[in-house]
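Biologist: Before we discuss particular places in this model, could you show me the sequence and the structure together?

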Amino acid sequence: MTDFGLMSIGSFARRSGLTASALRFYADAGLLLPTEVDPVSGYRFYREGQLERAVLLRQLREIGMPLATAKSVLSAGRDDAVRLVDEHVDAVVSGAEAARQQAAVIKAVLATEPTVVIVALSGPVLAAAIEQVLTATIDEPDIAVLGGVRFEADSGAVTVTATDRYRLSTRTLVTADSTAVTWAATVNGDDLRSCLADLRRTPLARIEATEHGFWIRLPDRGDRHCRLLPEPFPDYRSMLDALPAVTTRVEASKAMLLRALEERPADLISMHVTEAAVTVLDNRSGPDTGVHLTARVSGTSIEVWFEMTTLYPAISTAIGADVLLDLRGPAQPATIRSADHGDLITLVMPTKPQAGENTTKPEEKDK
């Protein structure tokens, strides 16, 4: 007796988007068994209810998921299945990026472009400088240059700079040689990030440049190639030169300031500066819950709001035990740097609190 609820392998293949040969393969692999197999003809039949599993299996294979992982997804609950898909995509993206980087190295070797030695620097010092300014980069496909680091070499020094338009970090290092080469380019931030582990372990690293690339020569650890970004880097020097005068300067303990920020689980942070102290508040709590810090203050009292994701990295990457905050007004860029090491400077843009958020000054709460 014929079961009219069954469909042939050809019909099931057309509806699921899989070929008949693929269905046979998945049946042999135990991923998608037919409902019935005719014992005489060997014809395979499937039910309507198997279409959802078949379509999902096809989609998993279309994103390159291995058979074993696809089998786990099909048998997992929703949350575990989503996690497995995310892990696979992460692995694919990571592999693609590694392939792009390796391809850049291969092409650089094949091109045999002449190189120019730019600078020689302590590996750990260079790694620290790159890592510090990388906090000011952002992955924005439409503006790729915001994910890069600007290298500028001149007169025995090299300056590294990055900006995401809301932060700008720049640090100048004295080179280990007297090379007077003048050179500037924007280097792919992801490529630089992948070099950091080896760079930290190299006493002396040499930087060489080609027309289209950037080599970091690491003795005993192999050479690392970084791509250059062709887009023009923002004219940050003109912006620095045009900054208004500082109206308030704060010198405070870096550790205490970071601890105060960590105690404020909010997206917006207020720094209220008076003659002898700094009070850190947020946009979710009342004015009586602020964290008070002792600080050296010169200039006028001021309240400035920052996004936590902008302010915290700028302070955490500052060099030394104490930091200087130069404030210019609630809507002007603030400068953050070490109190005793001035070669790392970070600019952060303030923000405005949303309507209705706490803007009451601590000393006004009882009035």
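Biologist: Which residues of α7 do G123, P124, L126, A127, I130, E131 and L134 in α6 meet?
Modeller: This is a predicted model, in which local features need pLDDT of at least 70 and side-chain atom pairs count only at pLDDT 80 or more, while totals for chains, interfaces and linings use all residues. Residues are numbered from 1 along each chain as its sequence is written, and side-chain values use heavy atoms, with hydrogens and water left out. Helices (DSSP runs of H or I, at least four residues) and strands (runs of E, at least two) are numbered from the N terminus, and contact means heavy atoms within 4.5 Å. On that basis, the α7 residues that α6 meets are G189, L192, R193, L196, L199 and R200.

Biologist: How many residues of the contact of α6 with α7 are nonpolar, polar and charged?
Modeller: Ala, Val, Leu, Ile, Met, Phe, Trp, Tyr, Cys and Pro count as nonpolar, Asp, Glu, Lys and Arg as charged, and the others, Gly among them, as polar. Under this scheme the contact of α6 with α7 divides into eight nonpolar, two polar and three charged residues.

Biologist: Where is T137, and is T137 buried or exposed?
Modeller: T137 lies in the loop between α6 (123-134) and β5 (148-154). Buried means under 20% relative accessible area and exposed over 50%, with partly exposed in between (1.4 Å probe, protein chains only). Because its relative accessibility is 13%, T137 counts as buried.

Biologist: Why is strand β20 largely enclosed by the rest of the structure?
Modeller: β20 (residues 344-348) is joined by four bridges to β19 (residues 334-338), and these two run antiparallel. β7 (residues 167-174) also pairs with β20 in the antiparallel sense, over five bridges. β20 is largely enclosed because, of its five residues, the number buried is four.

Biologist: What is the separation of the C-alpha atoms of C226 and A209?
Modeller: C226 belongs to strand β11 (residues 222-227) and is buried, with a relative accessible area of 0%. C226 and A209 are 17 residues apart along the chain, and their C-alpha atoms are separated by 9.7 Å.

Terms used:
Two strands pair if DSSP finds at least two bridges between them.
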